Amino acid sequence: MLAGMGCGGYPPMIFARLRADGCPCSPSDLRHMAENWRMSQRILTVVSATVDPEREADLVAGFHNLLTAPVPDGLMRTQLLRNPTGGWQIQTLWRDREALDKMRTGSEPPAAPQLFGSVGAEPSLQIFEVMVDHVTPSK
């Protein structure tokens with residue numbers, strides 16, 4: 001059995017259904033597997049803000065500048081996104097919750113909120129657990 005996975009490799013939220021269908025896992029096995037799965041689960045952070053149009057070029061330049069510096073351990077992907085109404089987001093995919101927590105408690109402040117603040121924007125943060133992930137292979 002893979003670490004953090006349970007009966008047949010399914011994530012913890014599926015365990016109750018599997019148990020009802022005859023999975024031999026005990027309740028304590030299920031709790032342990034759920035805790036392991038949660039710690040190894042990928043995390044997506046979304047930092048959002050509205051940026052004054054006159055400061056958008058500074059934001060993009062600042063993001064490019066961030067990409068030239070070493071990235072924190074566990075950062076897998078980061079993207080700067082803009083919607084048509086002037087809203088901006090920095091979405092960052094983390095290897096697991098431990099990597100995110102380590103970055104957040106480090107000596108440097110988190111880069112995304114700091115970047116938005118540097119262009120006069122008030123950022124908000126949302127944290128998501130990646131429940132299902134699919135990447136289409138390139139052809």
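1. The largest pocket holds about 630 Å³ of space. Of its 31 lining residues, P72, W94, M103, P110 and A111 sit closest to the centre. A pocket here is an open set of points on a 1 Å grid over the protein atoms alone, where a 1.4 Å probe fits, with protein on both sides within 12 Å along at least five of seven lines; lining residues have an atom within 4 Å of a point. Grid points are joined across faces, edges and corners, and the volume is the space filled by probe spheres set on them.

2. A word on the source: this is a predicted model, where local features need pLDDT of at least 70 and side-chain atom pairs count only at pLDDT 80 or more, while totals for chains, interfaces and linings use all residues. Residues are numbered from 1 along each chain as its sequence is written, and side-chain values use heavy atoms, with hydrogens and water left out.

3. Who lines the pocket? β1, α3, β2, β3, α4, α5 and β4 each put in at least two residues, and α4 gives the most, with 5. (Helices are DSSP runs of H or I, at least four residues, and strands are runs of E, at least two, numbered from the N terminus.) By class the lining has 21 nonpolar, 6 polar and 4 charged residues, with Ala, Val, Leu, Ile, Met, Phe, Trp, Tyr, Cys and Pro counted as nonpolar, Asp, Glu, Lys and Arg as charged, and the others, Gly among them, as polar.

4. The largest nonpolar core has 12 residues, including V47, F63, I90 and F116. Its largest share, 3 residues, comes from α5. A core means buried Ala, Val, Leu, Ile, Met, Phe, Trp, Tyr and Cys residues joined through side-chain atoms within 4.5 Å; buried is under 20% relative accessible area, exposed over 50%, partly exposed in between (1.4 Å probe, protein chains only). A second, separate core of 5 residues includes I43, W94, A99 and M103.

5. Beyond its neighbours within four places in sequence, I90 is in contact (heavy atoms within 4.5 Å) with residues including V47, F63, L80, A112 and F116.

6. Now α4: A99, L100 and M103 are buried. Down the helix axis, the buried residues fall within an arc of 100 degrees, so they line one face of α4; the arc is taken from the directions from the axis to the C-beta atoms. They pack against β1, β3 and β4, while the face turned away carries the exposed E98 and K102.
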